[in-house]
Amino acid sequence: MTMTTTEAPTARLGRLMVDQPLFPLTLILLALIAALAILNPAILSLFWVSNTLKIAIPLAMLAACQTLTMLTGGIDLSVGTAATIAAYVTATATPLIGAPSAIGIAMGCALAIGMVNGIGVAFARVHPLIMTLGTGLIATGCLLVYQRSVISTGTIYPEVLVWLGTGRTFGLPNGLFLFIPFAALILWAQRRTGFGRLLYAIGSNEAAARLSGVRVWQVHLTLYSLSGAIAGLSGLLYLGMVKTASLSLALPLDLPSVAAAVIGGTSIFGGRGGYGGTILGALILTVLATMLTLLQMPEGGRRILYGAIILLVTALYIRLTDRS
Amino acid sequence: MKRLLERNAWTAGLAGFLVLLLLATKLIQPDFGASGLDSLARSALPFALVTVGMAIVVIAGGIDLSVAAMMAVASVTAAVLMDGATDGQAVYAILSVLVLGLAMGALNGALIVVTRVPDIVVTLAMLFVWQGVALLILNAPGGGAAPWLRGLVVGGVTLPGVPPGLTDWLPSGVLFLAVVVAVLWLPIRRSKLGLMLYAVGSDPQAAFRSGVPVGPVRVAAYALCGLFAALGGLTVTMATGIGEPIPGPYLLASVAAVVLGGVVLGGGRGTILGPILAVFVLRTVRLDLTLMSVDPNVAAIVEGLIMVAVVMFGAVLATRGRRT
């Protein structure tokens, strides 16, 4: 680009922020922590850091689903449902058939939800937002029917999940044992594998990708199935963390997961962003949530704030990248 | 006459299908009569109103994902304002709810036009914002409604001067719907604004070049959508007597009804009557499932499957249409 010489300094700064989102995001995170320290100086400790990480991990994993689907210009609003179903099935099926098979069935359910999404997006070309909303609704209905059939079995939380969800090693949550390899895998996949590059290619220009021989439907099908599987995995972790099998377990995480990906610099229109920013976005949201709890903000206020953040960041993003 | 039939073939087909469905209902449940029709109309009324709003936006080339949340805001506002109010005050409460609906919709539209963020992202963010607003107004179902309002949407029609036997079979809900659509939509449809809505929907650039103020027309479409969503929320409160802060599955249902009603996703084509008929078709299917003593949760799954199938079918048609 030879345009750079004529650009206004604000535009250059904007471009920098869009291209290197990790730097400003880290600053925001540190600023939030500083504000928290001013509000309540007693809160900052190793225990608090470990707790924040523990809470942020399931959110960051669900936000991985949003990041990957957003890279192609999609979104997955069924992740909360998929995670809830995986958790609920695991907890209620373990007394009947043992933990390994229960976890297997639970992951199968989450994968199935993702595959249905993928079929709708890949073949019928339904907008992902509508498609995932619809499958979420259907899956919730199925969960209600399932719940009746297992109402008397009781619940058991597999020990490995409880260990992952609540245990600590050297003061840090055990969830990191799952999360660090997971994050490394996603970061490696998005940059270094053909699949990752295809996601960016489809998101930047689907027609061009199609013309260069990409079988877009295969990518969509794989992507949404993967997203369902990741959602199921985070549901399992969340189950070990909160140790309650409820019908709306992970549903409140739907909206923050979208917000975390958007804050992390992933464009909701596709082609730009990455998982690194999303992890920071999840941390920022978790710290923000602690702060809102300290300030006693009601649930309604939080939703308004999350919605406003999504809108504001996207609008800002459009302003900054607009070159016309 | 022939031309009229040809142009409205889809709508006519839907009407015929609805008659067949009602006959089938009569076969399943021989007692099905005025009271059955009334409960059908009562359950369909909020869906029908919000679908009209969605249809207007879709005709103008957009989509509004926040309709269900706006309904919730209208419902709780009406319930809170009318709680313990006199009949006279209730009129003002209704008027202010309608103005609120217009304002919410106009804000959605203005944000889309001003920020240039795609409608689907803006209304998704606003979906969360309006949900939060509804929760802030009323945290749990509650409030009240003036008793005379219930008579407007529940029970048979009684007109002064006409023997009750003639009008008893006609549910008030249907009359309410007909009056609202006739008073609000028909004059607009006949006016310049109606023509401009269709023009913007079919080709915004061509509309702009022919001197249509595209931005204001879009805002008007979303404002109308907000108004109808508010009416939908109002009828929920009118029929049940309480305000509901958590919206039902109105979003997916309205998109499905719009598609089934022959309005093309992408804009420019379709009528308002088609989607209204589609709502009644979908509600009658639900009613038949209930009458056949299907488990309500299973019925919800079947309904969700039908809606997703309809949307998928519509998306396939829209893609075909774009290619040729």
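Visitor: At what angle do the axes of helix α3 and helix α13 of chain B cross?
Guide: This is a predicted model; local features need pLDDT of at least 70, side-chain atom pairs count only at pLDDT 80 or more, and totals for chains, interfaces and linings use all residues. Residues are numbered from 1 along each chain as its sequence is written, with chains lettered from A and ligands numbered from 1 in the order written. Helices are DSSP runs (H or I, at least four residues), numbered from the N terminus, and axes are lines fitted to C-alpha atoms over the stretch in contact, with angles from 0 to 180 degrees between N-to-C directions. The axes of α3 (residues 34-59) and α13 (residues 250-260) of chain B come within 9 Å and cross at roughly 65°.

Visitor: How many nonpolar residues are in the contact of α3(B) with α13(B)?
Guide: Contact means C-beta atoms, placed from the backbone, within 7 Å. B:Phe47 and B:Met54 are among the α3(B) residues here, and B:Tyr250 is one of those in α13(B). Ala, Val, Leu, Ile, Met, Phe, Trp, Tyr, Cys and Pro count as nonpolar, Asp, Glu, Lys and Arg as charged, the others, including Gly, as polar. The contact has no charged residues, two polar ones, and nonpolar ones numbering eleven.

Visitor: Which element gives the most to the side of chain A that touches chain B?
Guide: There, 32 residues of chain A contact 35 of chain B. The elements giving two or more residues to chain A's side are α6 (128-149) and α14 (299-321). With 14 residues, the one that gives the most is α14(A).

Definitions and conventions:
Contact = placed C-beta atoms within 7 Å.
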